[in-house]
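Hi,

Here is the structure I promised to pass on. Have a look at it first, and my notes follow below.

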Amino acid sequence: MKNTADSYGWLSITLHWFVAVAVIGLFFLGYWMVDLSYYDPWYNKAPDIHKSIGIVLFVIMVIRLGWKLSQIQPNPLSNYNKFERVVSHIVHLVLYLLIFVSMISGYLISTADGRGIEVFQLFSVPSIGELFANQEDLAGFVHEYIAYTIAFLVCTHIFAAFKHHLIDKDITLKRMFGRS
Amino acid sequence: MKKILLASLLTSLILAPFASAADYTIDNKGAHASITFKIKHLGYSWLTGRFDNFTGNFSYDSNEIESSKIKVEVDTTSFNSNHAERDKHIRSDDFLNVSKFGTATFDSTSFKSVGDNEIEIKGDLTLHGVTKEITINAEKVGEGKDPWGGYRAGFSGTTRVGLKEFGMKERLGPASTHVELQLDIEGIRK
């Protein structure tokens, strides 16, 4: 379950892939749902699902961050150059940060009028009210552009993973599947 | 001396009807004014909302209604239908596009008395960057002194605006192509 000096434990791996699927799913779901026509059967359902997944992802991300901080991080592979070590570290850090900003801004859009967020019709996360003027518009602006920034960073991340796997032929990607 | 007094009295009598043509400021400070709208939802109910911020002036003379004028400026970013996600959507470029068209204005071109306290106001409405003549069917609710030393006059008017006419897409279905606007304003005489 735990990380070691040269491998990720299964919990770290599971959390990584859950977040990966959720973040990519949320991006495309969000991109698609904002252009649905008013009479589309998904017009109300899609945003409900988007918000529900977002709340679940927030909980997972808090657990993931806590777990990450409690674990040792596997050492970078010896073939990584200085540039790769620094940039990958920055991209990981910024991804964590932006995913949190994105979830918080999303929450602020939906709760600006005092209404809470229904999570899969199981429970409701209450609103903390309108914290600043034009909250839904400003939070909406941040949410949209942060989402595009995350999409760009995710592409960079995936590109780098495949570069290591196919060109450098190292175990970077395999490590994230628990193999070595 | 008597002659001067008499002359000034006569003058003021002659000028009296003109002197009563007064300028008013819409009382948005005390919020004795509102611009509300309603649009049909799917054809099954009315959805109402309002613009929270607007300013305006009018001049009005009950003896000479034709010379009256009104000008109102509406802050479109203050659109409020009591639902954050909807408000965000309506303010976006799908509808009002408030980042580009932050103000809507109404500038009257004619006032016509059409009955007891009933007035037909024509004027140019600029909304979503489009200027079109509209007619507001208004009613004077009342006028007189207020308890705090001022003088007030109030009106209520309605008009109907088509989304398409003002360059917005009719994306809400066949029952929801028009918006009913209601203006309730109280002016304080300057």
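**Chain A**

Along its sequence, chain A runs α-α-α-β-β-α-α, which comes to 5 helices and 2 strands. Helices (H or I, at least four residues) and strands (E, at least two) are DSSP runs, numbered from the N terminus.

A word on conventions before going on. This is a predicted model, in which local features need pLDDT of at least 70 and side-chain atom pairs count only at pLDDT 80 or more, while totals for chains, interfaces and linings use all residues. Residues are numbered from 1 along each chain as its sequence is written, and chains are lettered from A and ligands numbered from 1 in the order in which they are written.

The C-alpha atoms of chain A fill a box of roughly 55 × 30 × 30 Å along the principal axes. Of the 180 residues in chain A, 16% are buried, where buried means that 20 or more other C-beta atoms lie within 10 Å of the residue's own, with C-beta atoms placed from the backbone. Among the chain A contacts with a separation of 6 or more, 68% join residues 24 or more positions apart; a contact means C-beta atoms, placed from the backbone, within 7 Å.

**A helix pair in chain A**

Helices H2 (residues 42–70) and H3 (residues 82–110) of chain A have axes that come within 10 Å and cross at roughly 145°. Those axes are lines fitted to C-alpha atoms over the stretch in contact, with angles running from 0 to 180 degrees between N-to-C directions. Residues of H2(A) including A:Gly54, A:Phe58 and A:Met61 meet residues of H3(A), among them A:Tyr96, A:Phe100 and A:Gly106. By class, this contact has 8 nonpolar, 3 polar and 1 charged residues; Ala, Val, Leu, Ile, Met, Phe, Trp, Tyr, Cys and Pro count as nonpolar, Asp, Glu, Lys and Arg as charged, and the others, Gly among them, as polar.

A:Gly106 lies in H3 of chain A and counts as buried because it has 25 C-beta neighbours inside 10 Å. Leaving out residues up to four places away in sequence, A:Gly106 touches A:Gly54 and A:His143.

**Chain B**

Chain B has 2 helices and 11 strands, in the order α-β-β-β-β-β-β-α-β-β-β-β-β. Its average pLDDT (the predictor's confidence in each residue, from 0 to 100) is 91, and 89% of the residues score at least 70. Buried residues are 23% of the 190 in chain B.

The largest nonpolar core has 31 residues, and B:Ile35, B:Val74 and B:Ile121 touch the most other members. Such a core is a set of buried Ala, Val, Leu, Ile, Met, Phe, Trp, Tyr and Cys residues joined through C-beta atoms within 7 Å. Beyond neighbours within four places in sequence, B:Val74 is in contact with B:Ile35, B:Phe51, B:Phe54, B:Thr103 and B:Ala104.

**Where the chains meet**

The contact takes 11 residues from chain B and 11 residues from chain A. On the chain B side, 2 are nonpolar, 4 polar and 5 charged. The predictor gives the complex an ipTM of 0.85 and a pTM of 0.85.

B:Thr77 sits in the loop between strands S5 (69–75) and S6 (79–80) of chain B, and counts as buried because it has 20 C-beta neighbours inside 10 Å. Setting aside residues up to four places away in sequence, B:Thr77 touches A:Asn134, B:Arg91, B:Val98 and B:Gly102.

Best wishes

Methods. Contact = placed C-beta atoms within 7 Å. Buried ≥ 20, exposed ≤ 12 C-beta atoms within 10 Å, placed from the backbone.
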